[in-house]
Structure formats: structure tokens, C-alpha cells
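Morning, everyone. Let me put the model up, and then we'll walk through the domains and the ligand.

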Amino acid sequence: MARKAIGIDIGGTGIKGALVDVRKGELLSERVKFATPEGGRPEDIAAVVQRIIETLPGVSRGLAVGICFPAVVQHGRTMSAANVSKEWIGFDADAHFERVLGRSVHVLNDADAAGVAEMRFGAGRRRKGLVMMTTLGTGIGTAIFMDGKLVPNAELGHLEIGGVDYETKASFAAKERENLDWEAWSVRLQTYYSTLERLFSPDLIIVGGGVSKNHQEFLPKLKLSAEIVPAQKRNNAGILGAAWVAADKHYD
Ligand code: BGC
């Protein structure tokens, strides 16, 4: 497996990237971030990704690129689009980015990438059994691991509870949108995580997303049988996991 790769994390509001040492799980460069272009369309997003890679120091020719994206990604195609343009649905994202960037590219779901980073380098290291990664951001991302092996594309942020797609109630964006204090948001998180627990009986739940840096404000309020812990790689998890997966599939 290659030692270095570029990791790119595409989100509903920002696109960020860095050069990664995939053996150590560390960033080798500054993190470069630009706003997600209005509308989130494929050509516009690819142009921003290209700009990020050009801005990164120390990027050599043969390096592979791992790109994580807020959608179901099957065999390099993006199959859904919850918080980006509908043009991504059924779109050959791997081929599109490879054409624009002139590099080997591997696209995967953002929560899967964050989960891979946590399982390899963070809160899920050496953890067996059923581990669920959740990211609280613009939406709710989820990833499932059994004995460290990823079951890709779990879309459990869209669990319907009480007839509503629950990411619209319990994501960090919902907290902001409705001006919920920690207490009120925790009540919704309790409903969400209790449902996950009832359906999947996880051994460990990892909570990521930028807001996980404030985990003291909400995790202690949750009553669950499973252990629930904050992510350790937080905002870098998507970049690290995407780069790791790309390097794993690419030899230099
Ligand atoms: C998308 C998922 C994504 C999550 C976090 C959801 O709305 O459906 O694919 O992982 O948001 O970005």
C-alpha cells in the first residue's frame, strides 16, 4: 500500500483536503479549505477539489486521491444526494474526478471514511464487535463495523422516527436551525441513539462531526447500554479515512 495519499472531504458547506501519511494516520500538510460552491454541482465541486490539490504543498505526481462525499457511493458511483445537487444521483464520480484531476481517485461515503479513520487511528482502535460511527453535521452520517470490517453505506441518519427523517431533527444543523440548547438537543439525540441501540445492539458508538469537540455538553446526558464515546479525529477523520482507503487500493 502507498505511504502517502491526498484526502479530500466534501461537505454541504465546505470542502477540505490535506496530504496524509496513511501509515501513521497523520496530516503531512496544512488543511486547505474552501466553501462548497452554491448548488453543489459536479463540475463546480471538481474545480474546487482541483484548486485544493494545487494549493497543497508536497504533492507529487503519482499520489492517489481519496474523496469522501455525503452520499451512498457504490462502485465509484454516487447514488444519492441528500445535501448536494441531485445531479450526483447515479453519477460516475470516480471517473469524473479522475478525468479532472488526472490521478487515481477513490470516492466513498463521508461517514464510512470517518469511521475507517476512527477504527484505524482513533476511538475505535482495536475494538471488536459491532461498532457504530455517527457524525453529527449538516446531516447525520453513520457507518457500521463488525470486528473492524466496514459494512458500507449505512444510511441510518435517515431513520424515520415518528414519521420524520430523523436527521432533520437531530443533526447539528437542526440544533443550529432551531436554536436548540444542549438540553433540548440531547433529548432528540437520546431518541435517536436509543432507536439505533434497539435496532442494532452495538457494543460501541462513536460520535463525530465538528460538534464532538463539545461532547461534554451532551454525551453525559445520554442514557444508553452501549458505551458511547467522542471521536478522536474529529474534523480530520474524513480526510484521513478517505486517504487511507485510496492508498490501500493504490501502489506507488
Ligand atoms: C447522507 C449520508 C451522509 C450524511 C452525513 C446524509 O444526509 O444521506 O450519505 O453520510 O448525510 O454527511
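First, a term: domain bounds here come from an automatic or database domain assignment. This is a predicted model, where local features need pLDDT of at least 70, side-chain atom pairs count only at pLDDT 80 or more, and totals for chains, interfaces and linings use all residues. Residues are numbered from 1 along each chain as its sequence is written, and side-chain values use heavy atoms, with hydrogens and water left out.

Now the layout. The protein splits into domain 1 (4-112 + 236-250) and domain 2 (123-231). Their C-alpha centres are 24 Å apart. Domain 1 puts ten residues into the contact, and domain 2 puts in 14 residues; contact means heavy atoms within 4.5 Å.

Where does the ligand lie? Both domains give residues to the shell around the ligand, so it lies between them. The shell includes Asn83, Asn109, Ile140 and His158; a residue counts if one of its heavy atoms lies within 4 Å of the ligand.

On to polar contacts, meaning pairs of N or O atoms within 3.5 Å; within protein, one must be able to donate a hydrogen and the other to accept it, and residues adjacent in sequence count only if both atoms are side-chain atoms. An N or O atom in the Asp110 side chain is 2.5 Å from a ligand oxygen. For Glu155, a polar side-chain atom also sits 2.5 Å from an oxygen of the ligand. Ala71 uses a polar backbone atom, 3.3 Å from a ligand oxygen.
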